[in-house]
Amino acid sequence: IQPVFDEDNLVSHTGLVPVLALAERAGLSELVREHSSVPSASRDVKARTVIAGMLAGADSIDDLDVLRAGSTARVIGEVRAPSTMGTFLRSFTHGHVLQLGAVNRRLLHGLADMVPGLVGGDDGSLVLVDLDDTIGEVHGYAKQAAAFGYSGVRGLNALLATISTPTTAPVIGEFSLRRGNARSGSGAHWFAARALATVARVAPGRRALVRGDSAFCSHDHVQAAIRAGAWYSFTIPKWPTVTSAIDAIAEDAWTPIEYPHAVADPDTGELISDAEVAETTFTAFVSRRKSERISCRLVVRRVKRLNTGGKTGQEPLFDTYRYHAFITNSTLSAVEADATHRRHAIVEQVIAELKNGPLAHLPLGRFHANAAWLGFATMAFNVSRAAAIAAGTP
């Protein structure tokens with residue numbers, strides 16, 4: 001028995017109607033027609049079909065057929081068959097994918113105008129830009145550019161830059177698909193610069209803070225933030241200069257902090273509810289010429305190691321600690337800077353949402369086709385976020 005949704009008087013996804021209407025009012029179809037030159041007739045209709053399908057739960061080409069069930073197409077507008085959409089996506093080149101990035105930036109700007117709360121209000125709060133990447137697992141040998149990445153999984157590397165504030169959920173400002181064996185921070189400084197330029201458009205006059213893990217702690221990334229007039233906050237590897245600076249911190253310089261909710265230790269994964277924070281001046285990238293070295297703050301959080309292997313009554317002779325350090329140029333207090341830096345993990349939630357949706361698969365064999373799929377997934381994510389805010393979701 002093959003069940004078929006073929007009742008002409010029923011619509012399977014009526015919720016798409018207001019969401020797509022919001023995207024159209026923000027300029028989706030017009031932006032695709034104006035800024036994309038992909039050689040395909042009705043490229044605006046096809047782009048809208050992919051995004052609508054993703055909003056309806058599609059994570060593969062065949063899944064886009066959900067839009068043709070019943071009378072759905074009569075209420076959401078023109079749609080195209082999955083086979084047509086596969087041909088459309090395979091026609092993308094590197095340049096066309098870059099054009100999708102331009103469409104996403106302008107669409108995000110339009111959504112921010114339509115939904116003022118999308119990137120926070122005019123309260124002057126920080127705009128947080130988070131950089132991170134993930135490996136999208138693939139199977140088989142027909143996927144162009146697939147390789148074994150840092151996670152040991154064969155796939156493609158997706159690089160994302162999210163934009164959020166302390167009171168608003170993230171949207172995706174920039175995206176890029178890379179070879180599966182690309183290093184996380186390799187060549188990503190231009191990516192950070194472009195994300196900061198996007199912030200200047202969607203949240204003009206606001207202070208931006210770029211956050212990243214140790215893979216993004218490089219001279220180029222710090223300089224990209226400085227040139228944009230932004231703050232930065234990057235986890236720094238345990239270089240000899242870092243350990244020496246930590247050893248020089250006086251014992252009375254540490255400030256105890258308690259977490260309202262237990263947080264996971266980055267090294268062990270165990271839950272911790274208290275720690276200590278201190279800071280010191282620091283010169284980063286001393287291997288470079290003196291004129292290129294960067295003076296900044298080194299903020300350090302230390303967590304007491306637990307004596308899990310000891311017996312009752314055999315307490316340790318002295319306390320030992322695990323240290324987690326990051327560099328920053330912000331003027332926040334050490335405790336505030338630490339709390340703000342730890343919230344960088346919000347980007348991982350965005351990645352999880354994408355992998356639970358359209359990025360569950362990278363469904364095409366051609367690399368640029370999958371890059372276009374990532375671009376449309378980014379736009380679908382931003383449109384759904386804007387629709388949620390417009391609907392009053394806190």
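**Figure 1. Surroundings of leucine 89 in the predicted model.** Leucine 89 touches Ile61, Leu364, Ala369, Ala372, Trp373 and Phe376, with residues up to four places away in sequence not counted; contact means heavy atoms within 4.5 Å. The model is predicted, so local features need pLDDT of at least 70 and side-chain atom pairs count only at pLDDT 80 or more, whereas totals for chains, interfaces and linings use all residues. Residues are numbered from 1 along each chain as its sequence is written, and side-chain values use heavy atoms, with hydrogens and water left out.

**Figure 2. The nonpolar cores.** The largest nonpolar core has 98 residues, and Leu89, Phe92, Phe282, Leu298, Ile327 and Phe376 have the most contacts inside it. Helix 12 (residues 367–390) gives the most to this core, with 14 residues. A second, separate core of 14 residues includes Leu128, Tyr259, Val303 and Leu332. A nonpolar core is a set of buried Ala, Val, Leu, Ile, Met, Phe, Trp, Tyr and Cys residues joined through side-chain atoms within 4.5 Å. Buried means under 20% relative accessible area, exposed over 50%, and partly exposed in between (1.4 Å probe, protein chains only). Helices (H or I, at least four residues) and strands (E, at least two) are DSSP runs, numbered from the N terminus.

**Figure 3. Crossing of helix 3 and helix 5.** The axes of helix 3 and helix 5 (residues 82–90) come within 10 Å and cross at roughly 110 degrees. The two helices are therefore roughly perpendicular to each other, a class that covers 65 to 115 degrees. Helix 3 contributes Arg43, Lys46, Ala47, Thr49 and Val50 to the contact, and helix 5 contributes Thr84, Met85 and Phe88. By class, this contact has four nonpolar, two polar and two charged residues. Axes are lines fitted to C-alpha atoms, for helices over the stretch in contact, with angles from 0 to 180 degrees between N-to-C directions.

**Figure 4. Cysteine 217 and cysteine 296.** The structure holds zero disulfides, a disulfide being a pair of cysteine sulfur atoms within 2.5 Å. The sulfur of cysteine 217 is 8.2 Å from its closest cysteine sulfur, that of cysteine 296, and this is too far for a bond. Cysteine 217 is buried, with a relative accessible area of 8%, and cysteine 296 counts as buried at 8% relative accessibility.

**Figure 5. Positive phi at serine 42 and alanine 145.** Although not a glycine, serine 42 has a positive phi of about 55 degrees. Serine 42 lies in the loop between helix 2 (28–35) and helix 3 (43–55) and is partly exposed at 33% relative accessibility. Alanine 145, also not a glycine, has a positive phi of about 70 degrees. Alanine 145 lies in the loop between strand 1 (127–137) and strand 2 (147–148) and counts as buried at 17% relative accessibility.

Terms used. Parallel < 35°, antiparallel > 145°, perpendicular 65-115°, else oblique. Nonpolar A, V, L, I, M, F, W, Y, C, P; charged D, E, K, R; others polar.
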